[in-house]
Amino acid sequence: MMLLSRTASSLYWLGRYIERADFMARLIEATVRLDVLSSRPAGEAAWSSALTVTETDEDFAKSGAAMTQIEVVRFLTLDTSHPGSVVRCLAMARDNARAVRTALSRDAWTAINRAWLIFENRAGVGGTAATLNMVEAVKNETRGFEGAVQRMLRNQATWFVRLGQAIERADNTARLLDVKYHILLPEGERVGGVVDRDQWTTILQTVSAVTAYRWLYSDGLRASNVIDLLVTRKEMPRSLAASIDEVVDILGDLARHTGSHGEADRMARMRAARAAKTRSGEIMTSGLHQYLLSFIDENAKLHGAIGRQFRFG
Amino acid sequence: MGKQQAFDEILGFGGTLPTRPALTALGEWLESTPDSELRRRQDAAETTFRQLGITFAVYGDSDASERIIPFDIVPRVFLRSEWDRLSDGLVQRVEAINAFLDDIYGDRRILDEGVLPADLVLGNDQFRPEIAGMRPPHGIAAHICGIDLVRTGPDEFFVLEDNARTPSGVSYMLENREAMLRLCPELFRELRVAAVDSYPDLLLETMKSVAPHAAGSSPRCVVLTPGHYNSAYYEHSFLADSMGIELVEGRDLVVDDDVVWMRTIEGLVRVDVIYRRIDDDYLDPLVFRPDSALGVPGLIAAYAAGNVAIINAPGNGIADDKAIYSYMPEIVKFYTGSEAKLPNVETFRCREPGALKYVLDNLPELVVKLVDGSGGYGMLVGPTASSGEIETFRAALIAEPHRYIAQPTLALSTVPTMAAQGLAPRHVDFRPFVLSGAHGVRVVPGGLTRVALKEGSLVVNSSQGGGTKDSFVLMDEGHVATQDQSAGGQTQTMGSMTQAQSADQGTPPATTTRGDAA
């Protein structure tokens with residue numbers, strides 16, 4: 001079956017928005033932990049970093065709300081005044097899904113619709129327990145969606161959803177790592193100290209990598225290891241390296257199907273070739289922030305090339 | 001409604017248990033299943049519909065942009081013999097509709113012979129002079145018809161309205177059955193119900209059969225939707241999905257040199273058959289409304305060149321116009337040579353002075369409709385109207401009589417329905433779907449039953465608080481069902497994956513076929 005360009009576009013964006021909603025949910029969960037459960041409450045700094053990583057800090061400042069858990073969680077989940085909230089991501093995912101109902105399996109669609117229904121008519125976020133419940137509900141549905149996509153026919157429709165997810169995941173992980181650059185340790189705290197460790201743990205929790213970390217690194221929690229894991233380790237599903245490879249693979253599947261290559265294929269392969277030579281030690285030396293900035297920028301360019309190659313315009 | 005005793009399709013004219021003799025099994029089911037259990041199942045069905053997004057938009061109601069149509073758990077049931085007679089009448093009527101359209105946009109014999117007043121056709125807003133002379137591939141214009149029927153007795157069916165443009169509701173026929181199979185499986189062990197799940201296959205077969213001759217052996221078919229904000233979008237996607245064909249919007253199509261193409265990730269791909277769910281007005285801005293962004297510029301030229309089949313053909317509105325409707329008995333006789341098997345509801349054409357006088361004198365007893373209205377809007381139901389509403393309509397009738405028809409209020413049949421106080425009779429109507437392809441006319445054994453949920457109400461439109469029910473067509477005359485007939489005919493959920501469970505089904509009333517191509 002021929003895939004309409006409009007359908008391909010919707011599937012791709014659907015993948016991006018679902019991934020983004022899932023990331024937001026995980027980030028909130030991890031931040032709640034950082035704030036409440038860690039050995040020393042992190043407070044405002046934790047919530048402020050959650051806003052920074054999702055680039056919603058300016059919008060939040062404009063809203064005039066206080067930097068508290070309830071306010072930030074409400075802003076990141078229920079607020080419809082900015083496009084970054086979970087409910088807006090899910091609404092856009094659902095909108096795209098509705099436009100391509102025929103390309104999705106029933107299970108995939110109902111997972112998206114159920115995720116969206118979690119927020120229908122929801123007035124507030126409640127306390128910590130209610131927040132964690134809400135976040136868990138979103139993760140359940142996005143997981144369900146992920147599973148449903150795995151069970152869909154391995155055809156172009158599935159590839160475009162997964163392509164969107166992979167591009168979005170690469171962007172999210174890069175932003176998550178970059179936030180560490182923005183968070184200043186409180187005065188008197190030292191690198192490698194309790195608060196520093198809490199912050200790195202939060203990052204690992206956001207990408208479900210705490211256990212994976214323990215499997216791979218025996219020398220305790222170290223920043224260089226976290227960066228190694230999330231940038232260069234292909235076996236770690238949310239690492240930049242894994243996302244980079246996934247994009248190459250999916251584009252390869254599409255190229256085999258359509259019988260032609262294009263601009264996006266070339267960019268993705270070049271990026272993968274460069275990433276294969278990258279060592280985390282070098283990144284640390286030459287500056288993590290710079291590395292991540294250029295990665296996010298290149299990822300956005302690849303996104304543009306995908307749209308051109310498949311005639312989304 | 002007056003005090004006429006309505007026919008209840010399950011309980012008969014008595015309106016109380018026992019049921020009609022053939023439906024004992026259903027009566028026992030109703031008696032043995034507590035109301036609370038019926039309600040629980042009904043809620044479960046509605047939850048599923050909401051999760052699937054089987055919703056519709058109510059125009060002018062911004063609060064509830066997405067609603068589900070209420071679903072009632074008690075099915076309405078047709079006996080085999082009732083269905084056979086009914087589908088004979090439907091086939092005859094749809095054959096006449098197709099012959100009429102072919103004639104009106106062709107030779108206009110029916111006008112020459114004075115069966116219909118020419119001005120009623122040629123001066124009608126629904127007549128499209130733009131397409132006169134264009135012949136649809138294979139000469140079929142009304143591929144999918146939804147004929148709205150009401151019933152007043154076991155074999156008394158009346159056509160209320162023909163829908164020959166883009167009749168909707170078939171997804172409810174299929175989804176309601178899915179829900180019933182899941183929630184009331186025991187009912188299908190007691191009653192042998194004809195399957196409806198072949199509808200998408202038959203529709204695709206119909207589409208392929210009317211492809212332009214040049215399309216070759218595997219014509220490319222698509223469903224054209226106005227987009228996902230349309231109230232019937234679920235149905236559009238459902239149909240495309242169950243047929244395994246593309247759901248396209250106008251912007252996905254482009255016409256070049258009178259050929260229709262769709263934009264895909266691999267470039268342009270030729271399209272041969274379009275099942276459009278966009279009204280004529282919006283179909284092609286070069287021919288109809290120039291401000292339409294939903295349609296495809298050049299589509300009608302491609303159609304005129306014979307390069308694409310449009311389902312249903314443009315211009316069909318002239319066949320289901322309410323003013324033309326009143327002439328349907330004459331139209332059926334003119335083209336088929338025999339009396340209409342399915343009668344019309346008696347209709348007063350207010351454009352005729354005598355009829356107008358009668359209507360004005362008897363407004364409280366009549367239903368008055370706009371000839372070009374739909375969805376229950378622009379309608380007066382005399383017996384339940386306030387005197388203010390009656391006077392408003394009186395003034396409108398005097399000012400523009402040609403815009404109205406009137407009909408007597410019939411004692412519409414009822415079916416037991418779950419109401420606040422328990423099961424209670426509610427009025428129903430019925431829309432079966434009739435497919436016409438190059439190989440004949442077929443009726444799937446089922447359809448959309450709409451039910452007026454308000455006590456005594458005759459308005460079944462979903463936009464006016466109506467609900468739906470599953471519509472069973474029995475494969476036999478009902479009466480005794482033995483356990484070992486079990487799931488006979490129940491292939492709905494399993495499709496072609498079933499074990500050979502059709503062994504004892506006998507001849508299913510499956511699809512009535514007529515006039516296989518010579």
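Trainee: How many residues of chain A are in contact with chain B?

Mentor: 16 residues of chain A are in contact with 20 residues of chain B. Contact is a distance call: C-beta atoms, placed from the backbone, lie within 7 Å. This is a predicted model, in which local features need pLDDT of at least 70 and side-chain atom pairs count only at pLDDT 80 or more, while totals for chains, interfaces and linings use all residues. Residues are numbered from 1 along each chain as its sequence is written, and chains are lettered from A and ligands numbered from 1 in the order in which they are written.

Trainee: Which helices of chain A supply at least two residues each to the side that touches chain B?

Mentor: α1, α5 (86–99) and α6 (106–117) do. A helix here is a DSSP run of H or I, at least four residues, numbered from the N terminus. By class, this side of chain A has 6 nonpolar, 5 polar and 5 charged residues. Asp, Glu, Lys and Arg count as charged; Ala, Val, Leu, Ile, Met, Phe, Trp, Tyr, Cys and Pro as nonpolar; the others, Gly among them, as polar.

Trainee: At what angle do α6(A) and α7(A) pack?

Mentor: About 165°, with axes 8 Å apart; α7 of chain A covers residues 128–150. Axes are fitted to C-alpha atoms over the stretch in contact, and angles run from 0 to 180 degrees between N-to-C directions.

Trainee: Why are α6(A) and α7(A) called roughly antiparallel?

Mentor: The cut-off for roughly antiparallel is over 145 degrees. The angle is about 165°, so α6(A) and α7(A) are roughly antiparallel. Among the residues making this contact are A:A111 and A:I112 of α6(A), and A:V138 and A:F145 of α7(A). The contact has 8 nonpolar, 2 polar and 3 charged residues.

Trainee: What about α2(A) and α4(A): at what angle do they pack?

Mentor: Helix α2 (residues 44–53) and helix α4 (residues 69–77) of chain A pack at about 15°, axes 10 Å apart. Roughly parallel needs an angle under 35 degrees, so α2(A) is roughly parallel to α4(A). A:W47, A:A50 and A:L51 in α2(A) meet A:Q69, A:V72 and A:L76 in α4(A). That contact has 5 nonpolar, 1 polar and no charged residues.

Trainee: Which residues have the most contacts inside the largest nonpolar core?

Mentor: A:A21, A:I112 and B:F100, in a core of 239 residues. Helix α1 (residues 5–37) of chain A gives the largest share, 16 residues. Leaving aside neighbours within four places in sequence, A:A21 is in contact with A:V86, A:C89, A:L90, A:A93, A:V138 and A:T142.

Trainee: What makes a set of residues a nonpolar core?

Mentor: Buried Ala, Val, Leu, Ile, Met, Phe, Trp, Tyr and Cys residues, joined through C-beta atoms within 7 Å. Buried means 20 or more other C-beta atoms within 10 Å of a residue's own; 12 or fewer is exposed, in between partly exposed.

Note on methods. Contact = placed C-beta atoms within 7 Å. Parallel < 35°, antiparallel > 145°, perpendicular 65-115°, else oblique.
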